[in-house]
Amino acid sequence: MKRRPASVIFATGARYILPLMLLFAFFILLRGHNEPGGGFIGGLVVACGFALFALAYSVADARQILRVDPIQLIGWGLLLALLSGLLSLLLGLPFMTGLWPDFAIPAIGKVGTPTIFDVAVFLVVIGVVLNVVFSLAES
Amino acid sequence: MNDYQEVLQLFMIYVILPLLTIGLLLTLWRLVRGPTFADRVVALDKLSVIAIGIILAYAIGLDRPVYVDIALIVAMLSFLTTVGFGYYIERRV
């Protein structure tokens, strides 16, 4: 960390609360199909965690900890959403038909194309919100 | 549903929720009237704390365990706004 953080208590708290937020966002994302939750809310929680880290340290540190450019996340998310829709076209079904496998992964449940679409929404929301927050904080 | 749970639910609905609502109204008055900007920021923070209490009391009173997660999210994210306002106040002075 190049710059001294504004408040030691806040900086330490942000470092401990960020993994907690990421874990909870993942939980919300996986629960999304049948119960309240989903990719959008999960992405917002992740973005809030990184925004908190950017406030506690600096935007450069938050970018470094994210490792990828937020704009790249938008692109990968949109590509993943397109792929999840195209998968049903290969089987002769209408575009974006939900496909579910017969087996279920323990502790997660069935992973079908709607799950992939939710992950895509998750990535796009993280990318858009973090792009806005980082650009506003840098200006 | 046993007797104890029913008493707890009635207690939440008829005692805790009205008390929290009174607190909410008093905090709202401070938010509207607050002489300085810092008063309003503190009132906003307190408003979110009371909102967490109301969500939890509602979750217990009406037996909806899903609402506890909402309270968890609000608790984790609400102090972000306070931090943001604090940052703004510090930069303005």
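**Salt bridges in the predicted model**

Across all chains, 3 salt bridges were counted, a salt bridge being a side-chain nitrogen of Lys or Arg within 4 Å of a carboxyl oxygen of Asp or Glu. The structure is a predicted model, in which local features need pLDDT of at least 70 and side-chain atom pairs count only at pLDDT 80 or more, whereas totals for chains, interfaces and linings use all residues. Side-chain values use heavy atoms, with hydrogens and water left out; residues are numbered from 1 along each chain as its sequence is written, while chains are lettered from A and ligands numbered from 1 in the order in which they are written.

One salt bridge pairs B:Asp69 with A:Arg31, at an N to O distance of 2.5 Å. Because B:Asp69 lies in helix α3 (residues 67-92) of chain B and A:Arg31 in helix α1 (residues 8-31) of chain A, this pair joins two chains; helices are DSSP runs (H or I, at least four residues), numbered from the N terminus. B:Asp69 is buried, at 18% relative accessibility, and A:Arg31 is likewise buried, at 18%. Buried denotes under 20% relative accessible area, exposed over 50%, and partly exposed the range in between (1.4 Å probe, protein chains only).

Within chain A, A:Arg63 forms a salt bridge with A:Glu138 at 3.3 Å, N to O. A:Arg63 belongs to helix α3 (residues 59-66) of chain A and A:Glu138 to helix α5 (residues 113-138) of chain A, so the pair ties together parts 75 residues apart in sequence. Shared partners join A:Arg63, A:Asp69 and A:Glu138 into one network. In the salt bridge between A:Arg63 and A:Asp69, the closest N and O atoms are 3.7 Å apart. A:Arg63 is partly exposed, with a relative accessible area of 27%; A:Asp69, at 38%, is partly exposed, and A:Glu138 is partly exposed at 48%.
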